[in-house]
Amino acid sequence: MIGLGHLQPTQHEKNMTRKYFGTDGIRGRVGEAPITPDFALRLGFAAGRALAHGHALANGDARPAVLIGKDTRISGYMLESALEAGFAASGCDVLLVGPIPTPGVAYLTRGLRLSAGIMISASHNPFDDNGIKFFSGEGLKLDDDVELSIEAELEKPLQSLHSAALGKARRLEDAQGRYIEFCKSTFPTTMSLHGLKLVLDCAHGAAYYVGPSVLRELGAEVIAIGSQPNGLNINDECGATHPATMRAAVLEHGADLGLALDGDADRLMMCDADGTLFDGDQLLYAVVKDRFENSLLRGGVVGTAMTNFALEKRFVEMGVPFERAKVGDRYVMEMLREKNWECGGENSGHLLCLDKHSTGDGIISALQVLAALGRKGSKRLADYTTELSLYPQILVNVRLERKFDFSHDDAILSAVAVAEKELGDEGRVLLRASGTEPLIRVMVEGRNSGQVKMLASQIAQVVRQAAALPAA
């Protein structure tokens, strides 16, 4: 990672390189390895064997059970069936919950005291991608050693157990209702959303039903968009990765606020009545400010390498400790747990409030922001976050056609050094490889928007040229 050499590697990074697991489960193009039905079958069996061993050590002879949820991608049916068969062949019982947000899987796994939860989703990616994420029985991302044990089991042949030892599968019919009640429980019981007109963009994804239900049951008038999934339209010009759609709907309907989730509903973006957009850094500030002013903040705040420098400066002014982790909610979570803090997040909209949930949750994050506004009697995020003025930050994605290690390329290093010298102490440059797509992300941040845009474009062009050259 260029431009942020002070970041220390997390424990996750120090461990062995994985063959299949990335920073957020296993992800790829449907029909191409590893997102194929035969691999999902083997993965279910391998995970079942690895989890069964750990479960047996903790629970004796009791049969392990797992929960499988999914978003609305058409490929979810195929992967769900294959995983179910693999887990059953390994001797694990399976609970199927159908379309539900990723954090809903984490909540139900923990609440039902299961061995693990599995979410079939590629989050904000297009419909022809998919992925498989795992949660532990505590509703947390799997520890490194568990992921490595699953990969070790994948190298062994798939051999079904004898009939009497096979697992059973059933559908958990009230899964969505349970999760709706859980989300509502994180909102102050002394408050309601009566009088608020909200636009909610569900990205035609996993929250298409539970998202509007939560807000309506708390009293809001809800205009739901992106709430008619057909298996092919998830994240298609809608949701948190396309907030302009939410913004247009807010202006069209004269709503007080807009909320946009991504395909698996762990990201959040918002906008005011006038269409002003607010990213994850600004929403994190709103949540932290509310807790700080009401003496509810435990410890400090964890951001990432992408967190706007202005947010860090604002927290320093408030006397709130702030630390940066690598990009990815997994790394934010790891640092929060190490420090015994509760609040953190990414500017992409992943927010963590560990006193409310064990993982990032777009719906619950929205409720924390709405509660902060409610305590101030305000409907405008601009008024509530007026002390925070973000630095211009330009992000350019350079798509790769081949494997490319940019961190040792002389031309790229030189371009970054020139930009950093020009920015001085009032800006920074960050290059990083995407953990979910074949991209190099070029970020430049500083006080002057024209300068930032020019430098980002120049560095991105150098990266394109270097990446296009054949390997030596």
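Is Tyr 391 buried or exposed? Tyr 391 counts as buried, at 8% relative accessibility. The model described here is predicted.

## Aromatic pairs

A pair of aromatic rings is described by the distance of the centres and the angle of the planes. The count for this structure is six aromatic pairs.

One of them joins Tyr 20 and Phe 39, whose ring centres are 4.9 Å apart. Their planes stand at 45 degrees, so this pair is tilted. Tyr 20 belongs to the loop between helix H1 (11–14) and strand E1 (26–29), while Phe 39 belongs to helix H2 (residues 37–59). The two parts are 19 residues apart in sequence, so the pair ties them together. Phe 39 is buried, and its relative accessible area is 3%.

## Phe 309 and Tyr 391

The ring of Tyr 391 pairs with that of Phe 309, with 5.9 Å between the centres. Here the planes are at 70 degrees, so the pair is edge-to-face; the cut-off for this class is over 60 degrees.

Phe 309 lies in helix H10 (residues 309–318), and Tyr 391 lies in the loop between helix H13 (381–384) and strand E16 (393–399). The pair therefore ties together parts that are 82 residues apart in sequence. Phe 309 is partly exposed, with 25% relative accessible area, whereas Tyr 391 is buried.

## A cluster, and charges over rings

Tyr 285, Phe 315 and Phe 322 are linked by ring pairs into a cluster.

Charged ends also sit over rings. That of Lys 70 is over the ring of Tyr 77, 3.9 Å from the ring centre. That of Lys 339 is over the ring of Trp 341, at 5.1 Å from its centre.

Methods. Residues are numbered from 1 along each chain as its sequence is written. This is a predicted model: local features need pLDDT of at least 70, side-chain atom pairs count only at pLDDT 80 or more; totals for chains, interfaces and linings use all residues. Side-chain values use heavy atoms; hydrogens and water are left out. Rings of Phe, Tyr and Trp (its six-membered ring) pair if their centres lie within 6.5 Å; planes under 30 degrees apart count as stacked, over 60 as edge-to-face and the rest as tilted. Helices (H or I, at least four residues) and strands (E, at least two) are DSSP runs, numbered from the N terminus. Buried means under 20% relative accessible area, exposed over 50%, partly exposed in between (1.4 Å probe, protein chains only). A charge sits over a ring if NZ of Lys or CZ of Arg is within 6 Å of the ring centre and within 35 degrees of the ring normal.
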